[in-house]
Amino acid sequence: MERKILFTDLDDTLLGKDKTICEENREAIARLLDQGHYIVIATGRPITTGRIVTKELGLSMPGCYMVAFNGAVIYDCAAERVLAQRALPLRVTKEIIDEAHKAGIYVQSYQQDIILTEQHGPELDFYLSHAKMRYQLVSDIYGSLEAEPNKVILIDVNDQERLLNFQKEHTELSEKCNSFFSRNEFLEYCPKDTDKGTGLKYIAQFLNVPLEHTVAVGDERNDIPMLRAAHIGVAVKNAHISLKRAADYVTEQDCGQGAIAEVIEKFILKDSMREKTLDTDVK
């Protein structure tokens with residue numbers, strides 16, 4: 001049997017809007033792992049919060065991996081070890097933070113599993129409603145960093161145009177790092193040549209699985225590189241229109257109604273069962 005890898009985004013893809021996983025998805029994942037395939041959680045979250053979710057979902061056994069910080073960190077969930085990681089150079093980090101300050105846009109960065117921010121307002125509350133994390137209020141984000149961060153994020157909960165204009169007006173940053181929207185309110189800056197697509201390619205090579213045996217599922221614009229890198233790229237029914245345009249297939253179910261189970265049955269287990277039947281017939 002040819003082993004396959006399922007790469008799935010976490011929020012609003014594997015998890016429903018209420019941050020829970022439906023029973024259909026849970027059962028399909030169990031069958032996928034029982035048959036020797038792999039599953040990779042691909043998320044913008046840090047390792048620490050991503051690990052909490054994977055353990056709650058029972059995805060800490062062999063065959064389970066994670067792409068965290070939008071591709072900046074690759075993690076083996078069973079061995080509980082980092083396989084690879086990339087970070088923003090400090091000089092680039094400082095430039096992003098300084099330019100955000102000049103534009104009057106809220107900005108935060110990370111020190112391992114802790115958010116570093118200079119103010120507690122609606123932007124931080126909005127972020128925490130989507131990712132439960134610890135945070136630390138500091139007078140100077142850049143001065144508080146002890147090491148190169150995995151990403152910097154700008155947030156505006158009222159006016160996405162401000163973020164769009166910031167990205168357009170700072171093309172010089174695009175030459176030094178990777179920027180994208182993970183949702184309308186979040187403009188993220190990650191290490192150069194780093195995204196969920198590079199994470200997908202790293203894990204496929206690490207596991208010695210050809211890209212022809214990879215399937216990726218997501219719902220937002222930061223998932224586009226992952227869908228393009230995979231052999232089959234899938235957008236869930238509730239996905240952003242940009243992702244649907246980049247996908248090979250759009251699910252009939254949304255994130256809260258078994259979209260991942262639909263993908264597993266259609267693109268992974270169906271072929272595996274066919275191979276198993278053929279093997280039995282030969283015998």
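The sections below take these topics in turn.

## Basis

This is a predicted model, in which local features need pLDDT of at least 70 and side-chain atom pairs count only at pLDDT 80 or more, while totals for chains, interfaces and linings use all residues. Residues are numbered from 1 along each chain as its sequence is written, and side-chain values use heavy atoms, with hydrogens and water left out.

## Cysteines

There are zero disulfides (a disulfide is a pair of cysteine sulfur atoms within 2.5 Å). The closest cysteine sulfur to that of Cys64 belongs to Cys77 and is 6.2 Å away, too far for a bond. Cys255 is also in no disulfide, as its nearest cysteine sulfur, in Cys22, is 9.0 Å away.

Cys64 is buried, at 1% relative accessible area, and Cys255 is buried at 3% (buried means under 20% relative accessible area, exposed over 50%, partly exposed in between, with a 1.4 Å probe and protein chains only).

## Thr214

Thr214 belongs to strand β12, residues 214–218 (strands are DSSP runs of E, at least two residues, numbered from the N terminus). Thr214 has 1% relative accessibility and counts as buried. A polar atom of its side chain lies 3.1 Å from the backbone nitrogen of His231.

## Pocket linings

By class, the largest pocket is lined by four nonpolar, nine polar and 13 charged residues. The lining of the second largest pocket has nine nonpolar, five polar and three charged residues. Ala, Val, Leu, Ile, Met, Phe, Trp, Tyr, Cys and Pro count as nonpolar, Asp, Glu, Lys and Arg as charged, and the others, Gly among them, as polar.

Notes:
Helix = DSSP H or I, 4+ residues; strand = E, 2+ residues; numbered from the N terminus. Polar contact = N/O pair within 3.5 Å; in protein donor to acceptor, adjacent residues only side chain to side chain.
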